[in-house]
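Here are my notes on this model, point by point. Please keep the structure open while reading.

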Amino acid sequence: MKVMVAVKRVADAYVKVRAKSDGSGPDLGNVKMSINPFCEIGVEEAVRLKERGVAEEIIAVSVGSTASQEQLRAALALGADRGILINSGEQVVEPLGVARLLHRLLEREPCDLVLLGKQSIDGDNNQVGQMLAALWGRPQGTFASELSIDESGVQVTREVDGGLQTVALRLPAVVTTDLRLNEPRYASLPNIMKAKRKEIVEHSPDELGVDISAQMEVLKVEPPPQRQAGVRVESVDELVDKLRNEAKVIT
Ligand code: AMP
């Protein structure tokens, strides 16, 4: 079984990102960049499938500038076999563009399972997996917290409101990962060294015949309002009074 994992380069989850002073976008200058955490969970799941003898090959794919090679190398160090960079230069590719590119790639590199994160933590889109499944005409299991594979296909346990839902999908299929699917390992030093020798092939959106021009304009990016300092109240009566007459959240 061949598994494709989509990995996105995003600002590290532990970095506090600021908006640019002109409000045109996030200020990513000198910010530490990492693999999107949900994509890392996807890589880990693929590696576990390979360790169990279910997957034969893991291909990590990223859409982005040359800098995304860094995240592909990180995926290779975690256990992916080879990487593909779809080099979009400095152009920000919207979720539909990413889904179209992955779909075109799948026509060249047929895979049985495509693992994606449920969401990019920068754009919070939660769209690419779903769009890819629709373009590809294949079933999708989103927000996977458990995954098992047998001859009949893949079973995906999904975290839904108030419980868990298990769905059976025929392969090839698209699965997006939720936080509880697994805990990604750390790459070992020998594996980081080995990853340097693994292959990363580059394609361009033009070569794949996909128009990645923007269909959406970001009008403004602004930080959340500063939180006001709290006050200590002396009694429950005072608290109720403040909630009613100052905050006006109760009547
Ligand atoms: P999104 O729909 O943007 O929230 O992203 C969901 C998932 O799609 C991510 O976790 C990735 O697995 C994949 N994805 C989104 N953008 C990219 C990208 N530029 N390169 C590779 N994978 C991506």
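1. A word on naming comes before the details. Helices and strands here are DSSP runs, numbered from the N terminus; a helix needs at least four residues (H or I) and a strand at least two (E). With that numbering, Pro172 sits in the loop between β11 and β12. Keep in mind that this is a predicted model.

2. Pro172 deserves a look for its backbone. The peptide bond between Leu171 and Pro172 is cis. Its omega is about -5°.

3. Two strand pairs show both senses of pairing. Strands of a sheet pair through backbone hydrogen bonds, either parallel or antiparallel. Strand β8 (residues 113-117) runs parallel to strand β12 (residues 173-177), over five bridges. In that pair, Gly117 is opposite Thr177 of β12. Strand β10 (residues 153-160) pairs with β11 in the antiparallel sense, over seven bridges. There, Val154 has Leu169 of β11 as its bridge partner.

4. Check the turn of the hairpin too. Two residues lie between β10 and β11. Gly162, in this hairpin, takes a positive phi near 75°.

5. Next, the ligand. How many residues surround the ligand? The shell holds 17 residues, and the closest are Val63, Ser120, Asn126, Gln127 and Val128. By type, the shell divides into eight nonpolar residues, eight polar and one charged. β6 and β8 each supply at least two residues of the shell. β6 gives the most, with three residues.

6. Backbone atoms come up to ligand oxygens at several places. For Ala6, a backbone N or O atom lies 2.9 Å from an oxygen atom of the ligand. For Gly117, a backbone N or O atom is likewise 2.9 Å from a ligand oxygen atom. For Asn126, a polar backbone atom is 2.7 Å from an oxygen atom of the ligand. Is the ligand buried or exposed? Taken alone, it exposes 480 Å², and the protein buries 98% of that.

7. Last, look again at Asn126. This residue is in the loop between β8 and α4. Asn126 is not a glycine, yet its phi is positive, at about 55°. Asn126 is also among the residues closest to the ligand.

Terms used
Residues numbered from 1 in each chain as written. Predicted model: local features only at pLDDT ≥ 70, side-chain atom pairs only at ≥ 80, totals over all residues. Heavy atoms only, no water. Pairing = 2+ DSSP bridges. Near = heavy atom within 4 Å. Polar contact = N/O pair within 3.5 Å; in protein donor to acceptor, adjacent residues only side chain to side chain. Areas by Shrake-Rupley, 256 points an atom, 1.4 Å probe, with all protein chains shown as cover. Nonpolar A, V, L, I, M, F, W, Y, C, P; charged D, E, K, R; others polar.
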